[in-house]
Amino acid sequence: MHNQDFFLQALIYLGATVVSVPLAKKLGLGSVLGYLLAGILIGPFVLGLVGKEAGEVMHFAEFGVVLMLFIIGLELEPSLLWKMRRSIFGLGGLQVLITAIVITFVALAFKFQINRALAIGLIFALSSTAIVLQTLSEKGLMRNIAGKSAFSVLLFQDMAVIPILALLPLIATLGQPATLSESTLSKIGGMAQLPGWIQLLIIIGAIAAVVFIGRFMARYVFRLIAETGLHEVFVALALLMVIGIALGMDKLGLSPALGTFIAGVVLADSEYRHELETTIDPFKGLLLGLFFISVGAGINFNLLIQNPGMIFFFVLLLIVIKFIVLLILGRIFRLRKGFDFLFAFLLAQSSEFSFVLISFSKQNQLFDEKTSSMLLMIVTLSMAVSPLLLIFNDKAVTPIMARRYNKPEYDEMDEPENPVILAGFGRFGLVIGRMLLANNIKVTILDNNPTNVEVLRRYGFKLYFGDVTRPQMLEKAGIQKARMLILSMAEHDDALKVAKYVREKYPHVKILARAKDIFHTFEFYKLNVRSVQREMFDSANEMGATALTELGFSRYEAYRTARTFKHHENQITDELYEHWLEDHNRFIEETRRFSEQVSETLQAEKDYLIHESECAWDVDTLKEEALQKQQNTPSENDT
Amino acid sequence: MTDEMKILILFAHPAFHKSIINRALLDAVRGLENVTINELYENYPDFFIDVEKEKKLLQEHDVIVWHHPFYWYSAPAIIKEWMDLVLQHGFAYGRNGFALQGKWAMSAVSTGGRQEVYTATGANHFSVNQFLAPFNQSATLCRMRYLPPFVTHGAHTITQAEIERQAAHYRELITGLRDGKYTEKDFENIEYSNHLTLTNA
């Protein structure tokens, strides 16, 4: 590739990214769809800026998946991974197995030969790590129960790619009397010729090598490099390690993604974890973007135009099959109340590994040209549709689920006349709930996290799973007879929504609200909710006092100072609220929100003295006066 | 009748929910026109007294009443904190401190012991007025006239009927002060301000 070509390509890809992705995000479509659209835009069908080399680019960009798994590994400590073993092997294993079987039978029904049907089953059983993980982190679902389950399944699938690659050539010979040709064997990465036990040894050896490198050597080398203080060398080393492991694994016929994932896990508790994460992250992001773009650019619209009905039918069929299998498995593995749907929608597409597997099958004469391009088309479209599925889930399924599960299941409320309703029982609500319960105040606690609900019920808390933004839920919790509603939830916008509704419908209920920041506080003020607690202010204020104490203030002095500061903050808040009321229509972008808050606060602060006022216990003016008196009438004995 | 006066009651009871007498007394004067009740423990549960606000309140009133139970022959801690912080040099006293000049000050206290024990031969050895000397002198230093206290004795044994009577007296005294019914002369040579109402009752 000439330099100019390279830069031109870079220009096109980067340009498409910069235009499409923010646009897609603004429209609420998510970045993945943005990249895909960018790809379609620059692809042969629309602008034709990129052509055949898109396939090559895709191959290159698949490295983004490898980097992504490395980063995910970094965030997963081994102990955490061990805890997930049930969902990785149970849920993941069953998903691959059952989906493969079902699709195989469907393929048979469409008159595919048994070996081809089996290959199709295996290829389509996989889901897209790239799309799903990108979506999960973008939507903040990594810690969500459905997100975690999806991740487990993907992890298993990544491991499953290796045996599938090994199986495909064998499948190709199924039903054919011919023995394996040498050329077929050599294509599967050089391992299949060896006896099974040696293969196993090689796999174990490779993993052990990665663990050894990560555990003992990498730290030593990282420290050496870090000591040089040259950041770019550190970047180079990090990339070197990841690329090295990926290449090594590839040579052995193992999954590069899996190899780097293990390396990531091994380094998860090392002191260089964060440094590595921030170093690799931009590369990952760009490459993944590139990957999605190349998927978009690779959509063969001519094929689509020739057989639109058939292709769409198969895409739909694929998604429906995967969805149903996932939904059932999700339920078996205790995903309920909409999380099962989220889980199923997340994984209902086909995988980027499918591209590799399809072209590999083609090399093995499993599919002819036409079939494989058809299959590629289905994979691509299922991936392209995937973000839309999630939007559908958010907009259509979640509300229905929320409504449905507000109907009592196990959440029949037996004490609906409690005076206090506590909405949100996480870190914040827990403290409030404990304090109220310790003082024998009856509290109806609502939380929208089912795991929370189950754990805390075990400790005897009266806790109900439910979404307070649903009016029915509030009514069932006894809002009509409650005296107080405490909004301790972290979902700030939802809290406002509930406050507004309760203010209008049940004005007698006193509302206490947890606020995110000063502007959120103002929104509550505007609803005439005045008992607002900024979630961070008080703990930060306390720590400020601790800092002063450690710096030599007496403890009481530090305490007074912190109190004065808080008092002053409250005054400023009231004052800023007045300003805010006057021109709150001013558009404040989310990113500017914080700096805006800081600058307004600091500006208002100039008008105040935050020090102890002259009311202190030891007053200078008193001393002065006493001294002057002494000078004027030295004989007089004053008090 | 002289001009109307504004009364500021600085009330302090750290366990108000358990209080019977002081609740009755306070309820008796609650909501009266030109009578402001400033519940210190309620307003400053963390003892963080808003000095500027308190100074302003003082300036707006003519009679200051420290109303509290008698704890260790004195006031609950927040009254002392209030005095320490609010009665500033240069505001309440000192060469330039004339803000309180000419106002009246008074204590309204309740004690567990009967009046007999607050005598030289009684268990407490000193009279209530002797124990109140710091308030007396503080008021004087602040250029205020310190009136005899309104005292409720025998808080532990008092009957409901007596409480009601006492509350009525308190109300009478406070409204009387407010309406300018009393002159400085009326307070001379009486031990407790209760006598003003008792004689009228």
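User: Are α12(A) and α13(A) oblique or parallel to each other, and why?
Analyst: Bearing in mind that this is a predicted model, the axes of helix α12 (residues 231-251) of chain A and helix α13 (residues 256-267) of chain A come within 8 Å and cross at roughly 135°. The two helices are therefore oblique to each other.
User: Is the crossing left-handed or right-handed?
Analyst: The crossing in which α12(A) passes α13(A) is right-handed.
User: Which residues make that contact?
Analyst: From α12(A) the contact draws on A:V242, A:I245, A:A246, A:M249 and A:D250, while α13(A) supplies A:P256, A:G259, A:T260 and A:A263. Sorted by class, the residues in this contact are six nonpolar, two polar and one charged.
User: Switching to the largest nonpolar core, which residues touch the most other members?
Analyst: Those are A:F70, A:A150 and A:F343, out of the 127 residues in that core. The element that gives the most to this core is helix α9 (residues 145-173) of chain A, with 16 residues.
User: What is A:F70 in contact with, leaving aside its neighbours within four places in sequence?
Analyst: With those neighbours left aside, A:F70 is in contact with A:V242, A:T260, A:F261, A:A263, A:G264 and A:I280. Among these partners, A:V242 also belongs to the α12(A) side of the helix contact, and A:T260 and A:A263 to the α13(A) side.
User: And how many residues does the contact take from chain B and from chain A?
Analyst: That contact takes ten residues from chain B and ten residues from chain A. On the side of chain B that touches chain A, three residues are nonpolar, four are polar and three are charged.

Note on methods. Residues are numbered from 1 along each chain as its sequence is written. Chains are lettered from A and ligands numbered from 1 in the order in which they are written. This is a predicted model: local features need pLDDT of at least 70, side-chain atom pairs count only at pLDDT 80 or more; totals for chains, interfaces and linings use all residues. Axes are lines fitted to C-alpha atoms, for helices over the stretch in contact, and angles run from 0 to 180 degrees between N-to-C directions. Helices (H or I, at least four residues) and strands (E, at least two) are DSSP runs, numbered from the N terminus. Angles under 35 degrees count as roughly parallel, over 145 as roughly antiparallel, 65 to 115 as roughly perpendicular and the rest as oblique. A crossing is left-handed if the near helix is turned anticlockwise from the far one by less than a right angle, and right-handed if clockwise. Two residues are in contact if their C-beta atoms, placed from the backbone, lie within 7 Å. Ala, Val, Leu, Ile, Met, Phe, Trp, Tyr, Cys and Pro count as nonpolar, Asp, Glu, Lys and Arg as charged, and the others, Gly among them, as polar. A nonpolar core is a set of buried Ala, Val, Leu, Ile, Met, Phe, Trp, Tyr and Cys residues joined through C-beta atoms within 7 Å. A residue is buried if 20 or more other C-beta atoms lie within 10 Å of its own, exposed if 12 or fewer, and partly exposed in between; C-beta atoms are placed from the backbone.
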